[in-house]
Amino acid sequence: MTGATSAPPVIALSAYERNGEAYSLAPQYAAAVCQAGGLPVLFPPQCPEARTVLSRCDALVLTGGGDISPNLYGAPCDDSIHAVHPDRDTSEIALAREAIAQRIPVLGICRGLQIMNVALGGDLLQDLPKTVGARICHRDARHDPVMHKVIVLPGTLLEAIVEKDTLEISSWHHQAIANMAPPLRINAIAEDGVIEAVDMPGNPEVFAVQWHPEHTAAGDPHQQALFDWLVRRAARRMAQMRTVGRY
């Protein structure tokens, strides 16, 4: 956590829309950021351009939500695709690219990992039951979260953060990385081979997971550690910006 006498770093979290209702976000995201010592701020897709949003924050969380339009990675649309919001797709891809270019700390969660992969030139498996099979349940038939194990690869950023070689995670998705964007590196996989976490060796501020660490962070320090990592990186950047007179 940041020092008690210093201002907390501002962590921007992307909000989402549910069937035309008000933009919102599950409270566990903000709770995990607060527990790590950050100040969470929500923004909807209608916010100004990416550079303006990022000029007011110290780190970014690209949160979960509906499917990304396959048009953005040049694929035909599978009949399983749902809850596509083009404004959000456009906004978050711009945010991902800008944050990476500015070396602003960014944590992608579920859809957020997929956004980062598409933003950097990768594509997606549109429906895991059709493409990977049902050996591992990544989301149950009622579209509820499920728990399963992921394998943490040695020598990766994830291993450094959690100091474990396996994790029990809360999974809630039916899509995943197909062809991984060239700048990214695999950090974890499920037992069926689905890519579960990535980082960017050329940019230590970038990390993303396919699962939902916010679901279990309150009771699992290894999931909370992902938010702790982000807020530490944000605090480090905030201190650097002060040094050069940007704050």
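In strand β11 (residues 206-209), Val206 and Ala208 point one way and Phe207 and Val209 the other, and all are buried, buried meaning under 20% relative accessible area with a 1.4 Å probe and protein chains only, as against exposed at over 50% and partly exposed in between. Strands here are DSSP runs of E of at least two residues, and helices are runs of H or I of at least four residues, both numbered from the N terminus. The model is a predicted one, in which local features need pLDDT of at least 70 and side-chain atom pairs count only at pLDDT 80 or more, whereas totals for chains, interfaces and linings use all residues. Residues are numbered from 1 along each chain as its sequence is written, and side-chain values use heavy atoms, with hydrogens and water left out.

Strand β11 pairs with two strands, pairing being assigned if DSSP finds at least two bridges. Strand β4 (residues 106-109) runs parallel to β11 and is joined to it by four bridges; Ile109 stands opposite Val209. Strand β10 (residues 195-199) runs antiparallel to β11, with three bridges between them, and Asp199 has Phe207 as its bridge partner. Six residues separate β10 from β11 in the hairpin that they form.

Phe207 also belongs to the largest nonpolar core, which has 34 residues and in which Leu158, Phe207 and Trp211 touch the most other members. Such a core is a set of buried Ala, Val, Leu, Ile, Met, Phe, Trp, Tyr and Cys residues joined through side-chain atoms within 4.5 Å. Helix α8 (residues 221-243) gives the most to this core, with seven residues. A second, separate core of 31 residues includes Ala12, Phe43, Val53 and Cys57. Beyond four places in sequence, the contacts of Phe207 (heavy atoms within 4.5 Å) include Val106, Met116, Leu158, Asp199 and Trp229.

Gln223 lies in helix α8 and counts as buried because its relative accessibility is 0%. Apart from neighbours within four places in sequence, Gln223 is in contact with Leu167, Glu168, Ile169, Trp211, Pro213, Thr216 and Ala217.

The chain as a whole contains eight helices and eleven strands, and 52% of its 247 residues count as buried. The C-alpha trace spans about 50 × 40 × 35 Å along its principal axes. Among contacts with a separation of 6 or more, 68% link residues 24 or more positions apart.
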